[in-house]
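Take a walk through this protein, one site at a time. Keep the sequence and the model side by side as you read.

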Amino acid sequence: MPIEIPQTQKAVIFETNGGPLNYTDIPVPQIKSNEILVNIKYSGVCHSDLHAWKGDWQIPYKLPLVGGHEGAGVVVGVGENVQGWAIGDLAGVKLINSTCLNCEHCQQSNETSCATKTLNGINMDGTFQQYCATDAIQAAKLPADIDLKSVGPILCAGITVYKGLKSSDAKPGQWVAISGAAGGLGSLAIQYAKALGLRVVGIDGGAEKGEFVKSLGAEAYVDFTTSKDIAKDIIAVTNGGAHAALNVASSEQAIQKSVEYVRQSGTVILIALPPNAKLTVDVLSTVVKQITIRGSYVGTKWDTTEAIDFFHRGLIKCPIKVVGMAEVERVFKEMEEGKILGRYVLDTSK
Ligand code: 8ID
Ligand code: ZN
């Protein structure tokens, strides 16, 4: 029996960066021949959505824009040139919407570096809507028995921290310091790190976040709001410095500190994207300590498959709070104030 697709749907859309977040009816998008139509059931709210709404980064945004890039739902339409998808499949809609498939990066399965990629919730309408048209190749396959309500955050936060941890080259038994450990990315990074056999020290602000971070598996916690010297504290806890530093706090200051507390021959992974941030390093100590500083940007299709598999096997639990789509503004406010533990997920039926 064909699935009935309505003409209009509920969405959260803004006309200008920083302008009103309108919860309203908009047309259901028509799919192109290379796209699938996903009936989004749940969508995580990432700090990148807040950056995009505010226009924090000097990049082209589609306007008006439907934000969101952690969508989980059901395929209800399949374009005529699409292979490998059927009506009723479960699909994830993530940040990368499409890549060119032909450049040197795409050819080497490093498609996150493709210069002409398109991005959901940035230059394409994203997942804060009930029906999202997305490129069939980059859409994520979700197992039929996956929990749609809580898988959303894996599709950006999970993939990103999993890829970041892999690129840090930290080995089982070594320490990773996670800055921003109680947030959306951080709360998953602790669990992926544990699953990879790493030891975790979390950095965030306040006692409640400390309890939360430890409940997720961190062995130690450093509170940036009370610590007199974060670098000294991390070096003490890790007996010489963290082998890897994962920066998922949207704070230039926090990123700057990570170069100090990373261990000799360790790796600093840059993930968080505070607007206009700079990192200054002392050349002599960088050379003598032989540290690596590496940027890490979401993940490839294969990183996605692996990150979802960790979740599917029950190794990662997304700490979520579910709210209706009209709550995006309140979620952004709490995010801006650093009040969220874990991730908010929007239920698109509300
Ligand atoms: O591919 C990428 N590189 C990628 C993918 C996804 C997200 C990058 N990001 C970026 C986002 O754009 C954002 O800049 O990662 C950053 C974190 O995203 P998030 O985890 O979604 O943000 P959050 O849930 O608000 O968590 C941030 C945490 O950082 C803490 C906050 O208390 C919060 O728990 N924090 C802050 I702000 N300042 C801190 C500091 N100085 C800090 N923790 C430690 N020290
Ligand atoms: Zn994101």
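Tyr 23 sits in strand 2, which covers residues 22-27. The model is a predicted one. Is Tyr 23 buried, partly exposed or exposed? Its relative accessible area is 33%, so Tyr 23 is partly exposed. Setting aside residues up to four places away in sequence, Tyr 23 touches Lys 10, Ala 11 and Val 12, and also Met 325, Ala 326 and Lys 350. Glu 329 is 306 residues from Tyr 23 in sequence, but the C-alpha atoms of the two are 9.9 Å apart in space.

Which residues of the two helices meet? Helix 1 brings His 47, Asp 49, Leu 50, Trp 53 and Lys 54. Helix 11 brings Phe 332, Met 335 and Glu 336. Sorted by class, this contact has 4 nonpolar, 1 polar and 3 charged residues.

Follow the chain on from helix 1. Pro 64 lies in the loop between helix 1 and strand 4. The peptide bond that joins Leu 63 and Pro 64 is cis, with omega about -10°.

Next comes the metal. Which protein atoms are donors to the zinc ion, ligand 2? They are SG of Cys 46, NE2 of His 69 and SG of Cys 156. These donors lie 2.0 to 2.3 Å from the zinc ion. Along the chain their spacing reads C-x22-H-x86-C. His 69 is in the loop between strand 4 (65-66) and strand 5 (71-78), and Cys 156 is in the loop between helix 3 (148-151) and helix 4 (157-167), so this pair ties together parts that are 87 residues apart in sequence. Both His 69 and Cys 156 are buried.

Now take helix 4 and its partner, helix 5, residues 184-195. Their axes come within 9 Å and cross at roughly 50°. That angle makes helix 4 oblique to helix 5. The crossing is right-handed. On the helix 4 side, the contact uses Ala 157, Gly 158, Thr 160, Val 161, Tyr 162 and Leu 165. On the helix 5 side are Gly 184, Leu 185, Leu 188, Ala 189, Tyr 192 and Ala 193. By class there are 9 nonpolar and 3 polar residues, and no charged ones.

With a relative accessible area of 46%, Asp 169 is partly exposed. Ala 182 has 0% relative accessibility and so counts as buried. Leaving out residues up to four places away in sequence, its contacts are Ser 187, Asp 204, Lys 209, Phe 212, Val 213, Ile 340, Leu 341 and Gly 342.

One more backbone feature remains. Val 298 has a positive phi, near 30°, and is not a glycine. Val 298 lies in the loop between strand 16 (292-295) and helix 10 (301-312). Is Val 298 buried or exposed? At 10% relative accessibility, Val 298 counts as buried.

Notes:
Residues numbered from 1 in each chain as written. Chains lettered and ligands numbered in written order. Predicted model: local features only at pLDDT ≥ 70, side-chain atom pairs only at ≥ 80, totals over all residues. Heavy atoms only, no water. Donors = N, O, S within 2.8 Å, 3.2 Å for Na, K, Ca; no water. Helix = DSSP H or I, 4+ residues; strand = E, 2+ residues; numbered from the N terminus. Buried < 20%, exposed > 50% of the residue type's maximum accessible area, 1.4 Å probe, protein only. Axes fitted to C-alpha atoms, helices over the stretch in contact; angles between N-to-C directions. Parallel < 35°, antiparallel > 145°, perpendicular 65-115°, else oblique. Left-handed = near helix turned anticlockwise from the far one by under 90°. Contact = heavy atoms within 4.5 Å. Nonpolar A, V, L, I, M, F, W, Y, C, P; charged D, E, K, R; others polar.
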